[in-house]
Amino acid sequence: MPIECENISFNYWTKLVLKDISLQFGKGHLYGILGPNGSGKTTLLKVLCGILKSKYGQVVVDEFNIKKMNISDIAKKIAVVEQSTSIDFDYSVKEIVKMGRFTHIGRFSKETSEEKKIINELLEQFNLIELENRGFNTLSGGEQQKVIIARAIAQQSKILLLDEPTTHLDLNYQIEFMERLRKYVNDGIIVIIVIHDVNLATQFCDKIVLLKEGRVIAFGNREEIITRKNLKLIYNIDVIVRKNPFSNSIYIIPHKIEFPTSMRYDNNSKPKKIHIVAGGGATSKILPKLNDCDVSVGIVNVLDDDYILANELNYKIISEAPFSPITDSSSEELKTILKNVDLIILANIPFGITNLKNLEILNESNKKIVLFERNPIEERDFTEGIATTIYNNLKSKSNVKTINNLHDLFNFIESMEE
Amino acid sequence: MNQIKKLVLIFIFFFLFLSIIIALSIGSVQIEFFKILAIILDQIGFPIDEIWTSGEQVIILELRLPRVLMSVVVGAMLAVAGVAAQGLFRNPIVDPYIIGIASAAGCGVSLCVVLGFASLLGLFTIPLVSFLFAMLAIIIIYKLSQTRYRMSMTVLLLAGIAFSFFFSAFTSFILYFSEEKVHYILSYLMGSFWGTSWVDLYIVFIVMIPGTIILYFYGRDLNIMVFGDDNAQSIGVNVEQSKRIILIIMTLLTSTAVAFCGSIGFVGLIIPHFMRLLVGSDNRKLIPYSAVGGGLLLLWADVLARNLISPLEIPVGIFTALLGGPFFVYLVVQKKKSGELM
């Protein structure tokens with residue numbers, strides 16, 4: 001492995017910042033280091049490039065222990081881009097890119113024409129030719145970042161470490177920047193990046209390191225690492241992990257967990273059994289909050305937003321193929337489930353021919369039913385009145401209650417007796 | 001603007017040479033311009049008929065020439081030390097005087113003179129004591145201002161001011177108990193080129209030339225250090241070593257200047273600033289041009305100092321301070337306007 005660390009522990013005074021970290025970084029990958037503030041990301045980066053020296057464990061670069069390498073040899077192998085750069089004296093863009101050649105030019109020699117060629121090629125590659133005589137401090141944040149990267153690339157190192165390089169960049173620059181990094185990875189450079197934005201990381205990094213309190217929680221391919229469980233462990237927040245339909249990469253949607261206290265069941269009490277008739281994304285605000293109940297969802301079509309959500313939340317789902325009407329077998333399944341539930345919730349969903357069966361089955365049930373109603377049924381009826389008739393009949397029954405807002409709904413569930 | 005810059009840079013060397021000749025011709029005794037040229041050419045070895053009196057020759061060669069050259073060399077030293085200090089401390093409003101090096105050196109020299117050790121080790125006693133005191137001050141100030149991650153400018157300036165006051169107070173204390181040497185020490189402390197000998201010039205010269213050359217070769221390091229220590233190290237600069245070397249050279253240049261000419265402040269502040277406007281921040285351009293600029297400034301300051309109310313002499317340090325004080329305020333105001341003061 002070109003760069004690896006073995007059992008690294010690092011402390012500032014008495015505070016242990018890195019705890020027994022072992023990682024290997026190989027060619028052909030873009031590595032993202034993720035973790036909350038103070039988890040040791042930047043420290044890890046600084047240990048990897050030899051700026052901080054760890055007392056325990058070692059960093060090995062190309063078979064050499066980094067502690068035994070001198071500064072200029074390290075610089076030839078590892079280039080670093082720090083979080084943000086501000087300078088008190090203004091240098092021109094060209095002068096700054098030239099600084100990256102420091103180790104390649106002897107102290108007492110002048111820049112050769114070969115060196116000038118390298119610099120000009122870099123300036124061209126980064127579209128900096130027009131800016132080459134501009135002062136660094138007169139550039140925009142995105143342009144400055146570009147200059148600093150060009151300087152790092154000028155070092156011609158095989159390993160590039162970046163500390164939150166996208167933090168001060170606009171969205172378009174972030175994407176441009178990350179795509180540039182991918183290009184370097186394809187050229188055979190190992191790129192390791194400390195990054196805050198989980199979605200940016202999962203979109204562009206193929207390997208992820210998760211850090212928490214100085215320990216590696218997980219390390220591997222992004223699909224295996226970016227999971228609901230891991231992110232909850234790291235950030236203490238519930239997220240939904242989804243696949244980006246355009247790029248096939250994954251992305252997360254964070255949402256806060258705020259259960260009413262009594263909905264968290266004790267270990268000795270049984271969770272409430274709730275069935276939800278969902279569809280069309282109508283339950284996106286309800287499903288996540290029923291986390292501690294025994295929830296079943298259906299009947300919904302596969303690929304429906306509510307299906308995807310329920311799937312992520314690991315709820316039981318009764319499903320049908322996309323756009324097809326409800327079959328007898330799923331009707332039977334639903335009836336069986338409804339026999340054992342404590343509560344049925346009918347979400348504010350539109351009715352068509354394909355999902356009308358749900359309403360009919362509910363009409364036969366004598367369990368406790370809540371109609372969650374935000375819009376009148378007439379507006380949601382695409383069955384020329386059939387749904388409205390059944391719905392109104394249902395509404396008049398004694399085991400049925402109509403609720404209009406989320407707050408009341410959750411209060412109702414909370415106050416429900418088992 | 002660029003054209004003007006280039007012209008200035010091309011002519012600045014020529015202008016320095018011309019200034020030296022003109023400065024030689026100015027003084028209480030009028031000596032014609034061509035006579036000065038003739039005397040110098042004769043000295044260098046050209047066979048020229050003696051059209052000057054021997055008195056004129058003595059005035060030019062023994063009095064004015066060493067003094068004029070001394071002002072140029074000391075000006076260059078102070079300006080180059082200023083470039084180094086600003087680069088090292090990553091701050092454009094620092095110079096070796098502001099951070100207390102000069103008062104430490106001055107204090108050392110005063111102590112040496114009062115205690116009668118001035119020639120204990122021959123000619124080099126005073127420069128050596130001056131250097132040791134300055135080094136002591138700079139090491140303490142440097143260590144104090146170095147926090148874990150970066151240099152704290154606030155601590156640096158505060159510690160510098162504190163040291164300035166401390167050493168000035170100590171110098172006053174020495175002066176208070178040294179009746180017969182008070183005038184000598186006072187006029188020395190105010191900064192003057194009065195009574196410069198060729199030997200003095202040689203010593204200063206052999207410090208200035210290698211010092212400037214070494215700093216020039218560390219110009220790239222200084223450039224990169226603008227990004228901060230960690231960054232500079234990741235680019236490949238051996239920051240600790242480079243800093244140490246630059247710090248020692250800077251202190252050596254400053255303390256030598258102080259040892260021979262007293263404190264002449266603000267040259268190291270004004271000249272690097274002015275030259276940065278002309279050549280940019282690249283220290284490998286800034287160092288040589290600042291050397292020339294510093295030479296020019298002190299040369300003319302000294303001409304004024306010895307001729308303005310001739311035959312009385314005004315200490316040259318007073319002139320540079322009169323020029324530098326307002327300039328420093330101007331810089332602070334500029335920095336304040338751009339909202340980046342410290």
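1. Of the 342 residues of chain B, 56% count as buried, where buried means under 20% relative accessible area, exposed over 50%, and partly exposed in between (1.4 Å probe, protein chains only). Please keep in mind that this is a predicted model, in which local features need pLDDT of at least 70 and side-chain atom pairs count only at pLDDT 80 or more, while totals for chains, interfaces and linings use all residues. Residues are numbered from 1 along each chain as its sequence is written, chains are lettered from A and ligands numbered from 1 in the order in which they are written, and side-chain values use heavy atoms, with hydrogens and water left out.

2. Next, the make-up of chain B. The chain has 14 helices and zero strands, so its run of elements from the N terminus reads α-α-α-α-α-α-α-α-α-α-α-α-α-α (helices are DSSP runs of H or I with at least four residues, strands are runs of E with at least two, and both are numbered from the N terminus). The C-alpha trace of chain B spans about 65 × 55 × 35 Å along its principal axes. Its radius of gyration of 20 Å agrees with the value near 20 Å for a compact globule of 342 residues; the radius is taken over C-alpha atoms, and the globule rule is 2.2 Å times the number of residues to the power 0.38.

3. Residues 24 or more positions apart account for 75% of its contacts with a separation of 6 or more, a contact being heavy atoms within 4.5 Å. The accessible surface of chain B is about 15,300 Å², and carbon and sulfur atoms hold 72% of that area; accessible areas come from the Shrake-Rupley method with a 1.4 Å probe, and for residues only the protein chains shown count as cover.

4. Now for chain A. Here the secondary structure comes to 15 helices and 18 strands. Chain A has a radius of gyration of 29 Å, whereas a compact globule of 418 residues would have one near 22 Å. The C-alpha atoms of chain A fill a box of roughly 95 × 50 × 40 Å along the principal axes. The domain assignment gives domain 1 (3–227) and domain 2 (262–415), with bounds that come from an automatic or database assignment. The C-alpha centres of these two domains lie 51 Å apart.

5. Of its 418 residues, 53% count as buried. Residues 24 or more positions apart make up 63% of the contacts in chain A with a separation of 6 or more. Its accessible surface is about 19,800 Å², of which 48% belongs to carbon and sulfur atoms.

6. How many salt bridges does the structure hold over all chains? The count is 24, with a salt bridge taken as a side-chain nitrogen of Lys or Arg within 4 Å of a carboxyl oxygen of Asp or Glu. One of them joins the side chains of A:Arg107 and B:Asp221 (2.8 Å, N to O). This pair crosses between chains, from the loop between helix 3 (93–99) and helix 4 (113–125) of chain A, where A:Arg107 sits, to helix 9 (residues 219–225) of chain B, which holds B:Asp221. A:Arg107 is partly exposed at 27% relative accessible area, whereas B:Asp221 is buried at 1%.

7. Two salt bridges within helices are worth a look. In chain A, the side chains of A:Arg180 and A:Glu176 meet at 3.5 Å, N to O; both residues lie in helix 6 (residues 171–186), four residues apart, about one turn of the helix. A:Arg180 is buried at 15% and A:Glu176 is partly exposed at 34%. In chain B, B:Asp302 and B:Arg306 meet at 3.7 Å, N to O, again four residues apart, in helix 13 (residues 283–307). B:Asp302 is buried at 1%, and B:Arg306 is buried at 11%.

8. There is also a network of salt bridges, linking A:Lys98, A:Glu111, B:Arg220, B:Asp282 and B:Arg284.

9. Finally, the cysteines. The structure holds zero disulfides over all chains, a disulfide being a pair of cysteine sulfur atoms within 2.5 Å. A:Cys5 is buried at 1% relative accessibility. For B:Cys107 the closest cysteine sulfur, in B:Cys112, is 11 Å away, also too far for a bond, and B:Cys107 is buried at 0%.
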